[in-house]
Each structure stands twice: as structure tokens, then as C-alpha cells.
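Dear colleague,

Please find below the structure that I am handing over to you. My findings follow directly after it.

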Amino acid sequence: MADAIFKTPFAASERWYEPRTAEAGGYRFIVQEPGEGYRHAVTPEEICQRLDEAPRELVRPLQVVQLSRLTRKKSLFPCYGMQWGGAVYLYPMPADLIEYVPRPPLPAERNEAAMFGGRWKQTAAGLWQLVWTEQAIKDYYLNNILFHELGHLHDRRNRRHADRERFAEWFAVRFGYQPSRRAGIRRAKPARRRHHAK
């Protein structure tokens, strides 16, 4: 059966990619235009490099990584990523890397953004902004969002949404965030010995 498009009332439409046989191995990229005023946070090359650093068994079930387009309908249900079958979909960011939120951030949202360098700011109009730098947004996607969605690929036990999200969050911290920080610490040591400023 060819790739098909499935729609539900609760999620944005995405292309379903038919699973391939285990012998095919590896994963492939689908890159869509991000949409006017948006940009992809990471490149296929950056994703490949990050996944090459992960244990092979974590990446094995992954078949497709799609850098998706942000349509008007999808913008009504904002999210950074999604997993469906053997595919991971990563959604674009505003081109200026500033997200506008009509409510104060929840403590978990504030903490998660801070872990990766995102800063919450309140505007004079009472709106909230989540502001990213180039380095911070790449860190967030490569060491959190990507591994969160991979976690869903590995979750064969949980059925409730809350349990699936809790598992994916644990997976992202364990296999994305923590290894990236250990690698960062190892890379930073020589710089400190040379007395370079951060």
C-alpha cells in the first residue's frame, strides 16, 4: 500500500509512512518547506550526527524523520514534534525564534526551557514570550524533542496518554539530555584550562 494521509479530529494531518522490512534498515528524511515566517530548527545533517552518537538499539526502530511544514491548521495545535508509527515529525519554529504564549508558563514549561537555554519573558501587553537563541533551539530539538519522540517508539507498555508522556520525558532526559551534558562537560574542560571565557 502506498503512503496514505490520515486525519483525526484531535491531531493535525500527517503523512503515514508504511513500515519497511527489518532488512531495509536505517532511516530516511523527508524535508518540507517550513511555511511562511517559520524555519526548521535543525538540519538533517545535525539530526544524523546526534543519532550517530546514540546507542544503535535506540535508533533501530526509526524509519522516517520528517521536517514538517507548519500549516494554519497545525498552528492551532502547536507542538514541537510527533511520533506516528516508525516516523518522527519535527515542526518548525518562528523565524525569529520567539514564541508567543497567551498565558504564563507552567512551572514544568519554565524548567524545561531553562534546561536548554530558553528564556520566558512577559511583554507589556501581558503576553508571554519564549525566546530561544540559535544554540539553545538546536540543543532543545536535538537533545529533547528528538529523543522524546524516539521514546514513544520504544514504549510498548503504556496505553494511557499521561503514562506515555511520562515515559517519553524520562527517555529524553536519560538518552538525550544527560549524555549531551556529559559530552559537553568533557569538551569544556580543555577550554577552562586555557582560561577561555564562556
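In strand β11 (residues 128–131), W128 and L130 point one way while Q129 and V131 point the other way, and all are buried. Buried here means under 20% relative accessible area, exposed over 50%, and partly exposed in between, with a 1.4 Å probe and protein chains only. Helices (H or I, at least four residues) and strands (E, at least two) are DSSP runs numbered from the N terminus. In a regular strand, side chains alternate between the two faces of the sheet.

Please note that this is a predicted model: local features need pLDDT of at least 70, side-chain atom pairs count only at pLDDT 80 or more, and totals for chains, interfaces and linings use all residues. Residues are numbered from 1 along each chain as its sequence is written, and side-chain values use heavy atoms, with hydrogens and water left out.

Strand β11 has two partners, where pairing requires that DSSP finds at least two bridges between the strands. Strand β9 (residues 98–101) pairs with β11 in the antiparallel sense over four bridges, and E99 stands opposite L130. Strand β10 (residues 119–122) also pairs with β11 in the antiparallel sense over four bridges, with K121 opposite Q129. β10 and β11 form a hairpin with five residues between them, and G126 in the turn has a positive phi of about 90°.

An open sheet of four strands has the order β3-β5-β7-β6, with mixed pairing. Its edge strands are β3 (28–31) and β6 (81–84), each pairing on one side only. β6 and strand β7 (residues 87–90) run antiparallel and are joined by four bridges; Q83 stands opposite V88 in β7.

Helix α1 (residues 44–52) packs on this sheet, touching β3, β5 (64–67) and β7. Contact means heavy atoms within 4.5 Å. In α1, P44, I47, R50 and L51 are buried. They lie on the same side of α1 because they cover an arc of only 130° around the axis, the arc being that of the directions from the helix axis to the C-beta atoms. The face turned away from this buried side carries the exposed residues E45, Q49 and D52.

R50 counts as buried because its relative accessibility is 8%. Its side chain makes a polar contact (a pair of N or O atoms within 3.5 Å; within protein, one must be able to donate a hydrogen and the other to accept it, and residues adjacent in sequence count only if both atoms are side-chain atoms) with the side chain of N143, at 2.5 Å.

Key: Axes are lines fitted to C-alpha atoms, for helices over the stretch in contact, and angles run from 0 to 180 degrees between N-to-C directions.
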